[in-house]
Amino acid sequence: MEKTVVKIENLVKRYKELIALDHFNLEIKEGEIFGLLGPNGSGKTTTINCLLSLLSFDKGNIEVFGEKMTPSNYNVKKQIGVIMQNVAVFDELTVFENIDYFCGLYIKDKALKKKYVQEAIEFTGLEDFVKFRPKKLSGGLLRRLNIACGIAHKPKLIILDEPTVAVDPQSRNKILEGIAELNRQGATVIYTSHYMEEVEQLCTRIAIMDKGKNIAIGTKDELKKMIKNTETINIEILDLESQIREKIENLPHVYETKYENNKLTVFCGGGKHNLVRVLGVLSDNEVSFGRVYSELPTLNDVFLEITGKELRDKED
């Protein structure tokens, strides 16, 4: 039977008039990479801070590894690694000294600490930078240092809050591969990100948060089944007459069409062979068309339909 690593029940957190968490519930099993998604202000960071006992809350209960989480429960805290969005390292220490310091907070045995620090350096690909101070590192390398400091003591639960913001593609891939490898080595991971494609690639289960509530939870395939859209067909057409568009709208499983900038978009809910039927209408009516492509729903479509919001702000 799978062990429960994190159990949050009925969590309420208020800031005066604002309810940041509204009877929030969550259960995470051992070995999961669990994605926590939500627009800004949805309560993700508040949830993590309550989970870590960095914030007090008004109501509810939090258990980690079967123990009640409290500010003084160091037995549980030493089994957790935290990598927050803001890089938290010491500017006056080198890469090696930073990792050694953070590892030393949990690992007192000198030989074991030395081994763990070296493994964290190799794991994050920082071998060539051990004598550098943080100010000399690029954004991507700085993120990797932040991760090395958070995982050097080999925690069983790793919390990553937006770990790939503003990093180069090479570092992003290195970070994502590293997270998957930590999970293979036995760590349970909680992952928040604004990048849907990362969550889709990495996470075994996902919760979508909005306004302090958990509004949908499941695997990516389970979440995709919750929404109306199952297929979106895009066809480039120079001139589409309204009566032909109407015929397409009357096809089985088509629930909406859009035609703008010489592109017809057909939204389908269920059914098979939707593309064949749409192209059949066009060829029966001798309509010439250009590029055709069909898309299955993404997590972003799920998010948009469930919350009515884009996950990322447009300028991001």
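Predicted model: local features only at pLDDT ≥ 70, side-chain atom pairs only at ≥ 80, totals over all residues.
Guide: A residue is called buried when its relative accessible area is under 20%.

Visitor: Which strands pair with β11, and in which sense?

Guide: As a general idea, the side chains of a regular strand alternate between the two faces of the sheet. In this structure, β11 pairs with strand β13 (residues 263-268) in the antiparallel sense, over six bridges. Strand β14 (residues 292-295) also pairs with β11 in the antiparallel sense, over four bridges.

Visitor: Which residues stand as partners in these pairings?

Guide: Thr-232 has Phe-267 of β13 as its bridge partner. Ile-233 stands opposite Ser-294 in β14.

Visitor: Where in the chain do Phe-90 and Tyr-101 lie?

Guide: Phe-90 belongs to the loop between β6 (80-83) and α3 (95-104), while Tyr-101 belongs to helix α3. The pair therefore ties together parts that are eleven residues apart in sequence. Both residues are partly exposed: Phe-90 has a relative accessible area of 31%, and Tyr-101 one of 39%.

Visitor: How is the pair of Phe-90 and Phe-102 arranged?

Guide: The ring centres of Phe-90 and Phe-102 are 5.8 Å apart, and their planes are at 15 degrees, so the pair is stacked. This pair links distant parts of the chain, for Phe-90 is in the loop between β6 and α3 and Phe-102 is in helix α3, twelve residues away. Phe-102 is buried, with a relative accessible area of 17%. Through such ring pairs, Phe-90, Tyr-101 and Phe-102 are linked into a cluster.

Visitor: Which charged residues lie over the rings of Tyr-116 and Tyr-195?

Guide: The charged end of Lys-154 sits over the ring of Tyr-116, at 5.0 Å from its centre. Over the face of Tyr-195 lies Arg-172, 4.1 Å from the ring centre.

Methods. Residues numbered from 1 in each chain as written. Heavy atoms only, no water. Helix = DSSP H or I, 4+ residues; strand = E, 2+ residues; numbered from the N terminus. Buried < 20%, exposed > 50% of the residue type's maximum accessible area, 1.4 Å probe, protein only. Phe/Tyr/Trp six-rings, centres within 6.5 Å; stacked < 30°, edge-to-face > 60°. Lys NZ or Arg CZ within 6 Å of the ring centre and 35° of its normal. Pairing = 2+ DSSP bridges.
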